[in-house]
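I opened this notebook to record what I looked up in one model, helix by helix and then loop by loop.

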Amino acid sequence: MTGAAALDDKVDVAVIGAGPAGLAAGALSARAGLATVVLDENPAPGGQIYRAITTTPVQRKEILGTDYWHGRELVRELESSGARLATGATVWSISRDLEVAVSHGGRAHLLHARRIVIATGALERPFPVPGWTLPGVMTAGGAQTLLKSSGLVPEGRVVLAGTGPLLWLLAAQLLRAGGAITAILDTTPRQNYVRALRHAPAFVLSPYLIKGLRMMAEVRRKVRVISGVTRLEAVGEGKLKEIIFATGNGAAARMAADLLLLHQGVVPNVNLAMSIGIVHRWDGLQLCWVPEIDRHGNSSVPDIAIAGDGAGIGGAVAAAERGRLAAIAAVRALAPAAVSGLPAEQAVMQALAKAEAGRAFLDTLYQPSADFRIPAGDDTIVCRCEEVTAGQIRANVALGCEGPNQMKSFLRCGMGPCQGRLCGLTVTETIAAARGVSPAQVGYYRLRPPVKPIPLAEVAAMPQPESAVKAVVRR
């Protein structure tokens with residue numbers, strides 16, 4: 001673990017993110033003798049899936065599940081590898097000449113790397129339903145973060161709503177921790193079960209089938225599960241009071257609630273990669289933007305690789321294997337003689353294929369409905385930072401606004417502190433639906449540094465080369 005003063009100006013490999021991909025990539029490149037630094041903005045390593053793995057107060061292993069504790073081994077590998085880990089380090093810019101700008105310890109630093117591995121992982125897909133900005137409504141991932149990092153279990157009438165494996169995992173974890181859940185409102189579209197059948201053979205052979213069925217059975221024994229939910233609204237004055245929902249063509253029902261936890265899958269966190277100009281494409285199955293990379297994670301920008309869920313959602317085990325492949329590529333480029341001491345690339349490829357087996361089944365089954373991705377109601381807020389509604393977006397499309405970047409000029413949409421993380425996909429799909437074109441034709445926000453908010457004083461205090469000083473100072 002390093003403090004602010006210990007950050008080197010030059011490294012061989014800079015890994016951004018200390019989740020499973022970043023931990024695995026950092027450990028392997030350092031083991032090969034490369035000067036490696038792993039940068040993460042959180043106070044401890046682990047990323048989202050292994051959040052607070054070294055500091056969690058939750059010590060009963062069965063609460064978070066055996067998969068969570070695998071993160072400890074990845075941290076041990078990094079610690080014994082010789083890599084430097086800088087926590088509390090926010091990377092806010094990367095340049096094409098491999099200069100990494102970091103806010104760390106109250107100062108802005110510039111690191112120069114020979115190779116960069118972006119392992120920024122995933123974030124939760126926006127879930128823009130009426131009332132989702134009310135106090136008492138939060139994401140399932142947020143509740144899981146509180147459980148892992150602080151051991152907090154919600155009280156009162158707790159309702160989970162949405163679709164995807166994380167929804168069921170969180171429900172199981174909360175129940176094991178002594179919590180109570182009033183209901184689960186499952187928004188998985190019924191037609192998805194039929195569409196997913198053709199991918200079932202591969203999923204049957206994956207390690208996730210039995211594990212997933214057992215977890216769902218565990219939850220169903222204790223919680224009322226309402227399937228086929230097609231409408232969802234959070235209602236309350238100043239805070240959540242109740243949830244309005246409907247199934248199929250049925251009449252709307254009401255349910256009192258103190259806390260509503262929303263989730264409809266995760267998507268790659270692409271902001272940093274896009275800000276460098278790395279080429280991305282629209283993934284029609286996962287319904288998100290993913291970078292164009294080769295099998296080692298190498299991107300369209302030379303010497304910058306992307307590993308883990310930031311390259312496409314595959315889960316924690318797959319993320320670690322992708323991190324190892326990115327590290328092998330870095331070692332091959334910078335220290336070819338050291339490759340012989342690393343795991344065989346073919347073995348890593350096989351482990352990755354095993355981890356990704358059945359992924360198409362999960363992506364098809366839990367593909368969220370358009371009703372929950374593109375708000376039908378004009379009053380539903382899309383951009384939480386600037387309080388822009390779906391109706392405003394559609395009205396500006398009617399005025400000739402063709403994409404998210406024009407929408408910034410019209411409405412400041414995506415210009416708040418989150419820089420589009422909470423609204424980007426919704427804005428793209430809402431514009432696409434209004435125009436009658438594909439999201440690929442609409443595009444995404446044009447992202448520029450800083451990709452995370454940083455104090456202006458840190459930037460002003462950065463040392464400047466003589467050429468920069470001469471450019472602005474009259475001689």
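**Entry 1: ground rules.** I am working from a predicted model, in which local features need pLDDT of at least 70, side-chain atom pairs count only at pLDDT 80 or more, and totals for chains, interfaces and linings use all residues. Residues are numbered from 1 along each chain as its sequence is written, and side-chain values use heavy atoms, with hydrogens and water left out.

**Entry 2: helix H1 by itself.** I took helices (H or I, at least four residues) and strands (E, at least two) as DSSP runs, numbered from the N terminus. H1 covers residues 20-31, and its 12 residues reach 17 Å from the first C-alpha to the last, close to the 16 Å expected at 1.5 Å a residue; the expected span is 1.5 Å times one less than the number of residues. I then asked how many of the residues of H1 are buried. The helix is mostly covered, with 11 of its 12 residues buried, where buried means under 20% relative accessible area, exposed over 50% and partly exposed in between, for a 1.4 Å probe and protein chains only. The buried residues include Pro 20, Leu 23, Leu 28 and Ala 30. They pack against strand S1 (10-16), strand S2 (36-40), H3, strand S6 (107-118) and H10. After the helix comes Gly 33, whose phi is positive, near 95 degrees.

**Entry 3: H1 against H10.** Two packed helices are described by the angle between their axes and the distance between the axes. For H1 and helix H10 (residues 316-334) I noted an angle of about 30 degrees and axes 7 Å apart; axes are lines fitted to C-alpha atoms, for helices over the stretch in contact, and angles run from 0 to 180 degrees between N-to-C directions. H1 passes H10 in a right-handed crossing, the term for a near helix turned clockwise from the far one by less than a right angle, left-handed being anticlockwise. On the H1 side, Pro 20, Ala 21, Ala 24, Ala 25, Leu 28 and Ser 29 meet residues of H10, among them Ala 316, Gly 323, Arg 324 and Val 331, contact meaning heavy atoms within 4.5 Å. The residues of this contact divide into 11 nonpolar, two polar and one charged, where Ala, Val, Leu, Ile, Met, Phe, Trp, Tyr, Cys and Pro count as nonpolar, Asp, Glu, Lys and Arg as charged, and the others, Gly among them, as polar.

**Entry 4: H1 against H3.** With helix H3 (residues 66-81), H1 packs at an angle of about 30 degrees, with the axes 8 Å apart. H1 and H3 are therefore roughly parallel to each other, since angles under 35 degrees count as roughly parallel, over 145 as roughly antiparallel, 65 to 115 as roughly perpendicular and the rest as oblique. Here H1 passes H3 in a left-handed crossing. Leu 23, Gly 26, Ala 27 and Arg 31 are among the H1 residues in the contact, which on the H3 side is made by Leu 74, Val 75, Glu 77, Leu 78 and Ser 81. The contact of H1 with H3 divides into eight nonpolar, two polar and two charged residues.

**Entry 5: Ser 29.** Leaving aside neighbours within four places in sequence, I found Ser 29 in contact with Val 13, Leu 34, Thr 36, Ala 327 and Val 331.

**Entry 6: helix H16.** H16 (residues 424-435) has 12 residues that should span 16 Å at 1.5 Å a residue, and its end C-alpha atoms, 17 Å apart, agree with that. Nine of the 12 residues are buried, so I logged H16 as mostly covered. Among those buried are Leu 425, Val 427, Glu 429 and Ile 431. Gly 436 follows the helix with a positive phi, near 75 degrees.

**Entry 7: loops.** Pro 449 and Pro 450 are joined by a cis peptide bond, with omega about 0 degrees, and Pro 450 lies in the loop between helix H17 (439-442) and helix H18 (456-460). Leu 287, in the loop between strand S17 (280-283) and strand S18 (288-291), has a positive phi near 55 degrees although it is a residue other than glycine, and at 8% relative accessibility it counts as buried. Asp 303 has a positive phi near 70 degrees and counts as partly exposed at 35% relative accessibility; its loop runs between S18 and strand S19 (304-306).

**Entry 8: Asp 378.** Asp 378 sits in the loop between helix H13 (370-373) and strand S20 (381-383) and is partly exposed at 46% relative accessibility. Its C-alpha atom is separated by 3.8 Å from that of Gly 391, 13 residues apart along the chain. Apart from neighbours within four places in sequence, Asp 378 is in contact with Thr 389, Ala 390, Gly 391 and Arg 394.
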